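Here's a quick briefing to keep open while you look at the model.

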Amino acid sequence: MRRIAITAVGFLALAGVVGFLATRPFGGAGLAPAEAPSVAGAAREVVAADEAVAGVPAPAAGGVAEGGAVAGGGGLGSIGEVPMVGPRIVKTADLHLLVGKGGFQDAFEEAQLVAGKYGGFVVSSSSHGTRVRSGSLLLRVPNASFERALADLRDLGRVEGESISGEDVSAQFVDLEARLRAWEAQESVLLRLMERATSVEDTLRIQRELQDVQLRIEEIRGQLRVLRDRTELATITVRIREPGAAIREEIAARERRPDLGEAWARAVDAFLGVAYVVVVGLGYLVPIAGLAAVVLSGARRWRARAGRAVPAP
């Protein structure tokens, strides 16, 4: 009985190792989202494969030029260079102000006016307290007016704390623009293939590929829109308080205690994660173990028959 239990535990442990190796993304392969192909690569893949699907003869050797152009005018043309972009900086600031007794409301309203003064807007605002008041505002202002807006906000009270950060995302812009142009070039090739398709089946297959490419294009355009919004409008968080009013976020941080419910939820997640890996490993090991058992059983029977067939001396 003890031997069976040890064997079962060892088998499950081996299943866990196999499941971990099977679900782990080595180098990101298999789980990372597909990246945009190079221009020449897109031409080779689409023109050589998808044109064959559509019944269009593939271009002869050398049909794909060095610059990514395809001979015959039906493939991918040169998409040119990605246009250079200036520095793209995401600016953020966090400002803590202390105002005089009874001066909270005026400072709070003035802070909202500062955003409008520079062509920005108030994303959200909140205030707390009755006799002693405090509150915060989240402002968005144009990047060009970031420093001037901060200077006006500092004048509303005594600065207790301030943090300013800038993140250069120019490289992300260049990367997204390059990927977008590559996918758009591939879309152009697929649209040409769609026009030259000779059957309904070929049309549907090309249409599926086209939908995937267009989805990639929309995803990249969405990322560009978000990034452009972050670089065009700076974010300023203003926290204002009167003497005797602590900032609510600081109180919450000091009063936070370990949460037993959160610990239990994390324990359940960990258990399910281990169970998932073990089950995946069993999916690999059970068929292999069954096949090995069949082979061993057959080998034993063959040896037994061979032993009986040997005449006694």
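Predicted model: local features only at pLDDT ≥ 70, side-chain atom pairs only at ≥ 80, totals over all residues.

Residues are numbered from 1 along each chain as its sequence is written, and side-chain values use heavy atoms, with hydrogens and water left out.

**Whole chain**
- You'll find 8 helices and 5 strands here; helices (H or I, at least four residues) and strands (E, at least two) are DSSP runs, numbered from the N terminus.
- Starting at the N terminus, the order of elements is α-α-β-α-β-β-α-β-α-α-β-α-α.
- Of the 313 residues, 30% are buried (under 20% relative accessible area; exposed is over 50%, partly exposed in between, with a 1.4 Å probe and protein chains only).
- Take the contacts (heavy atoms within 4.5 Å) with a separation of 6 or more: 79% of them join residues 24 or more positions apart.

**Helix 6**
- Helix 6 covers residues 200-232, and its end C-alpha atoms sit 47 Å apart, which agrees with the 48 Å its 33 residues should span at 1.5 Å a residue (1.5 Å times one less than the number of residues).
- Its buried residues are D202, I206, L210, V213, I217, I220, G222, L224, L227 and T231.

- F271 belongs to helix 8, residues 260-309.
- F271 is exposed, at 60% relative accessible area.
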